[in-house]
Amino acid sequence: MSFRTLLTVTGADQGDVDLKLAAALCEEINAHLSVLALVIAAPPAGGEYAVVSPAWLAEREAEMRMLEKRTAAVSKLLSESLVSADLSSDYPDQSWADEVIGRRARYADLTVIGPELLTTGTLKKKVIEGALFSSGKPILLVPGGARATLKPKRIVVAWDASLEASRAVREALDMLSNAEEVRIAMVDPIEDERHHGDEPGADAAAYLVRHGVKVVVDRLPSANHSIADVLRQHAVDTGAELMVMGAYGHSRLRERIFGGVTRSLIEGAGLPILMAR
């Protein structure tokens, strides 16, 4: 699909790198920029049932002032930009922050998560989970040092024949159709009816070819490396400008305990990644 509205989230202590990145992407494809300025409210020191203290109330008041200051700064930046934009702000409790972000992301086609946000802790986690699990829309991770574009010439699709991967491909279909080369990458693909079929990658390639995508199928051995490492290296070897993949094929709890491809790539992407689920 085409992206007409991009969302980015900014915290009170962030700079303008992510905002300018998102604005540049909007300018590239003539899209609208939606910005959510957000501060996650500090919980009381003793937990949910703690007695409200003057110190905690003072901390919350200080956070709200920070949010107001950040919102004013973002408003000024957007007023000086040539990109069509809107701005909102919110101050949710930590337990509701991902839902607040997810609701906002429902009114955008893509949530852009830039290098500044990727260096945060709780806010990064809430934005990624809120956008992926509560919006039904994809996210674009842009790590530090990576060149972001929504008109990539070379794309790697991390294909595992899952529902999540299928959704990611569908969300990226316009970009895939306009790319010069798309490589369907599978790591240790299983040849059976419940996984990749008799010829791994053939069905995915045929689907994409019917959309005018220039496809190459790559079946990659893991050779005792993690799937995430194999995909990262393959992206480097092929000069990919973007990776497209499904996110959290396993439950979030399982990924937190045992790790997983999604978690590993979020923590060390190396190149822009479009994720959907």
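This is a predicted model: local features need pLDDT of at least 70, side-chain atom pairs count only at pLDDT 80 or more; totals for chains, interfaces and linings use all residues.

Residues are numbered from 1 along each chain as its sequence is written, and side-chain values use heavy atoms, with hydrogens and water left out.

**Salt bridges**

A salt bridge here is a side-chain nitrogen of Lys or Arg within 4 Å of a carboxyl oxygen of Asp or Glu. Counted by this rule, there are ten salt bridges.

Select D93 and R60. Their side chains form a salt bridge, with 3.6 Å from N to O. D93 sits in the loop between β3 (85-90) and α3 (97-105), and R60 in helix α2 (residues 54-79), so this pair ties together parts that are 33 residues apart in sequence. Helices (H or I, at least four residues) and strands (E, at least two) are DSSP runs, numbered from the N terminus. R60 is buried at 18% relative accessible area, whereas D93 is partly exposed at 38%. Buried means under 20% relative accessible area, exposed over 50%, and partly exposed in between, with a 1.4 Å probe and protein chains only.

Next, select K76 and E80. In this salt bridge the closest N and O atoms are 2.7 Å apart. E80 is exposed, at 56% relative accessible area.

Move on to R104 and D86, whose side chains meet in a salt bridge of 2.8 Å, N to O. R104 is in helix α3 and D86 in strand β3, so the pair links distant parts of the chain, 18 residues apart. Both partners are partly exposed: R104 has a relative accessible area of 26%, and D86 has 25%.

Then select E181, R183 and D218 together. Salt bridges with shared partners join these three residues into one network.

**Positive phi angles**

Most residues other than glycine have a negative phi. Which way does phi of A161 go, positive or negative? The phi of A161 is positive, near 65°. A161 lies in the loop between β6 (154-158) and α6 (163-171), and is partly exposed at 32% relative accessibility.

Finish at N224, in the loop between β8 (215-220) and α9 (227-238). N224 is not a glycine, yet its phi is positive, about 70°. With 82% relative accessibility, N224 counts as exposed.
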